[in-house]
Amino acid sequence: MQIIEYIDRDIAAIGVADALASGLKNALLIQDKVSLAVPGGTTPGPIFDVLCAADLDWDRVTIMLTDERWVPEDHERSNTALVKSRLMQGPAAKAQFLPFYRAGETAHEAAPVLSETVRAQMPLSMVVLGMGNDMHTASLFPGAKGLSQALHPDAPALCPIEASSQPDVRITLSAAALKGAMDKHLIIFGQDKRAALEDAMGRPPEEAPIAAVIQGGTIHWAA
């Protein structure tokens, strides 16, 4: 793993956005279409604000989430809403978006069809990840119902997850889909998360799911 350190989080947002834009441009040189999987949460917002202005062929980019809460787009906890309001703006509005949530279906009912749709995009060109202090990434939460399936090497591209610590059922890219991405970036802020990442590298994936997917990736860190 390569670790890039930034002097503060504002500089990190700019530096990470530049790194992602460069990676996407390189991918577009060798692929007609590229795929970009991004996280929700609070960390990526400032990065999206910069990345959306990048000068690249956004109409050849398909954006999806690494994971989504099984709630409608207009719900306050929807990751889709964040992506559309912060990333798919300006030049990046030309990108295609692959939604996961389907009204009238449960995550378990929708997962098989959605998995085939995502599989058509694999290997994913670029994956951007976050990580919690519990060493989860995407919605691969330690101890969650569905984690064993999502960590299996032959798992479908998308798996439903139910974590007791979370209020909503979620759907997440499997460890295999994340690990197999051509370009991986993990963004973490704070000493506690850096310590958690170092701890994760010595633990089994069931205890530290980030350890199952980040090999060969780039770590972006700021205090």
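1. Let's begin at M135, which sits in the loop between β6 and α5 (147-151). Please keep in mind that this is a predicted model. M135 has a positive phi of about 70 degrees, although it is not a glycine. To see why that deserves a look, recall that most residues other than glycine have a negative phi. Is M135 buried or exposed? Its relative accessible area is 9%, under the 20% cut-off, so M135 is buried.

2. Now look at A138, also placed in the loop between β6 and α5. Phi of A138 is positive too, near 50 degrees, and A138 is not a glycine. With a relative accessible area of 11%, A138 is buried.

3. Next, find the peptide bond that joins M122 and P123. This bond is cis, with omega about 0 degrees. P123 lies in the loop between α4 (107-119) and β6 (126-129). For background, most peptide bonds are trans.

4. Which of its residues are buried? They are N79, T80, L82, V83 and L87. Looking down the axis of α3, you will find these buried residues within an arc of 160 degrees, so they line one face of the helix. What do the buried residues of α3 pack against? Their partners are β2 (34-38), α2 (45-51), β3 (61-65), β4 (67-69) and β5 (96-97). At the start of α3, a side-chain oxygen of S78 comes within 3.2 Å of the backbone nitrogen of T80.

5. How many salt bridges does the structure hold? There are 11. One of them pairs R194 with E5, and their closest N and O atoms are 2.6 Å apart. This pair links distant parts of the chain: R194 belongs to helix α7 (residues 191-200) and E5 to strand β1 (residues 2-6), 189 residues apart. R194 has 19% relative accessibility, under the 20% cut-off, so R194 counts as buried.

6. Another salt bridge joins the side chains of D57 and R60, at 3.0 Å from N to O. D57 counts as partly exposed, at 39% relative accessibility. R60 is partly exposed as well, with a relative accessible area of 22%.

7. Finally, D199 forms a salt bridge with R203, with the closest N and O atoms 3.1 Å apart. D199 is partly exposed at 35% relative accessibility, and R203 is partly exposed with a relative accessible area of 35%. Elsewhere, salt bridges that share partners join E5, R194 and E198 into one network.

Key:
Residues numbered from 1 in each chain as written. Predicted model: local features only at pLDDT ≥ 70, side-chain atom pairs only at ≥ 80, totals over all residues. Heavy atoms only, no water. Helix = DSSP H or I, 4+ residues; strand = E, 2+ residues; numbered from the N terminus. Buried < 20%, exposed > 50% of the residue type's maximum accessible area, 1.4 Å probe, protein only. Arc of directions from axis to C-beta. Contact = heavy atoms within 4.5 Å. Polar contact = N/O pair within 3.5 Å; in protein donor to acceptor, adjacent residues only side chain to side chain. Salt bridge = Lys/Arg side-chain N within 4 Å of Asp/Glu carboxyl O.
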